[in-house]
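Subject: Structure handover and findings

Hello,

Here is the structure for your files. Please load it first, then read the notes below it.

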Amino acid sequence: MEKRRYGQDITLENRAEAHDKVDKAKRYKQIKQILQTYPWGLTAKEVAAVMCHRGYIPFAERNFAAPRLTEMCERGEVEPVGKKICEFTGKKVTVYALRRVNEVRTAL
């Protein structure tokens, strides 16, 4: 059995409590609405900035959006569509967009 570091149980409990308090259905709906407005896609930080602007969250912290985007990718609702340099951090980040399941692509 792996020994835990001092305080690790408290950290894990706090993380679980915070995770349980999030209304995921509401957050998924908000993210879908935002990505419908920006069909070319947004980064997690950009989604958070729009969420803040719309009054959904108190400040534009990417961690309000990033975990939900990951879950939405796993559910097949959102997909990574590219990469770009984040205007806030200067780091290369993923761009997410709604998955277009029924999109028909035809060759001309």
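This is a predicted model: local features need pLDDT of at least 70, side-chain atom pairs count only at pLDDT 80 or more; totals for chains, interfaces and linings use all residues.

Residues are numbered from 1 along each chain as its sequence is written, and side-chain values use heavy atoms, with hydrogens and water left out.

**Fold**

The chain has four helices and two strands. Along the sequence the pattern reads α-α-α-α-β-β. Helices (H or I, at least four residues) and strands (E, at least two) are DSSP runs, numbered from the N terminus. Of the 108 residues in the chain, 27% are buried. Buried means under 20% relative accessible area, exposed over 50%, and partly exposed in between, with a 1.4 Å probe and protein chains only.

Helix α4 covers residues 66-74. Its buried residues are A66, R68, L69, E71 and M72. G76 follows α4 and has a positive phi, near 85°.

**Salt bridges**

Side chains of opposite charge can pair when their charged atoms come close. The rule used here asks for a side-chain nitrogen of Lys or Arg within 4 Å of a carboxyl oxygen of Asp or Glu. The count is five salt bridges.

E71 and K24 form a salt bridge through their side chains, at 3.6 Å from N to O. This pair links distant parts of the chain: E71 sits in α4 and K24 in helix α2 (residues 24-37), 47 residues apart. E71 counts as buried because its relative accessibility is 16%. K24 has a relative accessible area of 23%, so K24 is partly exposed.

E71 also forms a salt bridge with R68, with the closest N and O atoms 2.8 Å apart. Salt bridges with shared partners join K24, R68 and E71 into one network. Both E71 and R68 lie in α4, three residues apart, about one turn of the helix. An α-helix has 3.6 residues a turn, so residues three or four places apart point the same way. R68 is buried, because its relative accessible area is 5%. The side chains of E71 and R68 are also joined by a polar contact of 2.8 Å. A polar contact is a pair of N or O atoms within 3.5 Å; within protein, one must be able to donate a hydrogen and the other to accept it, and residues adjacent in sequence count only if both atoms are side-chain atoms.

E77 pairs with K32 in a salt bridge, the closest N and O atoms being 3.2 Å apart. This pair also links distant parts of the chain: E77 is in the loop between α4 and β1 (78-85), K32 is in helix α2, and 45 residues separate them. E77 is buried, with a relative accessible area of 19%. K32 counts as partly exposed at 30% relative accessibility.

**Aromatic pairs**

Rings of Phe, Tyr and Trp (its six-membered ring) pair if their centres lie within 6.5 Å; planes under 30 degrees apart count as stacked, over 60 as edge-to-face and the rest as tilted. The count is two aromatic pairs. The ring centres of Y38 and W40 are 5.5 Å apart and the planes stand at 85°, so this pair is edge-to-face. Y38 is partly exposed at 24% relative accessible area, and W40 is exposed at 59%. F59 and F64 also form an edge-to-face pair, with 5.4 Å centre to centre and 70° between the planes. F59 is partly exposed at 47%. F64 counts as partly exposed at 23%.

**Largest pocket**

The largest pocket holds about 160 Å³ of space. On a 1 Å grid over the protein atoms alone, a pocket is an open set of points where a 1.4 Å probe fits, with protein on both sides within 12 Å along at least five of seven lines; lining residues have an atom within 4 Å of a point. Volume is the space filled by probe spheres set on the points, which are joined across faces, edges and corners.

The lining includes T43, A44, K45, R62, C86 and Y96. Helix α3 (44-53) and strand β2 (92-98) each supply at least two lining residues. β2 gives the most, with three. The lining divides into five nonpolar, three polar and three charged residues. Here Ala, Val, Leu, Ile, Met, Phe, Trp, Tyr, Cys and Pro count as nonpolar, Asp, Glu, Lys and Arg as charged, and the others, Gly among them, as polar.

Best regards
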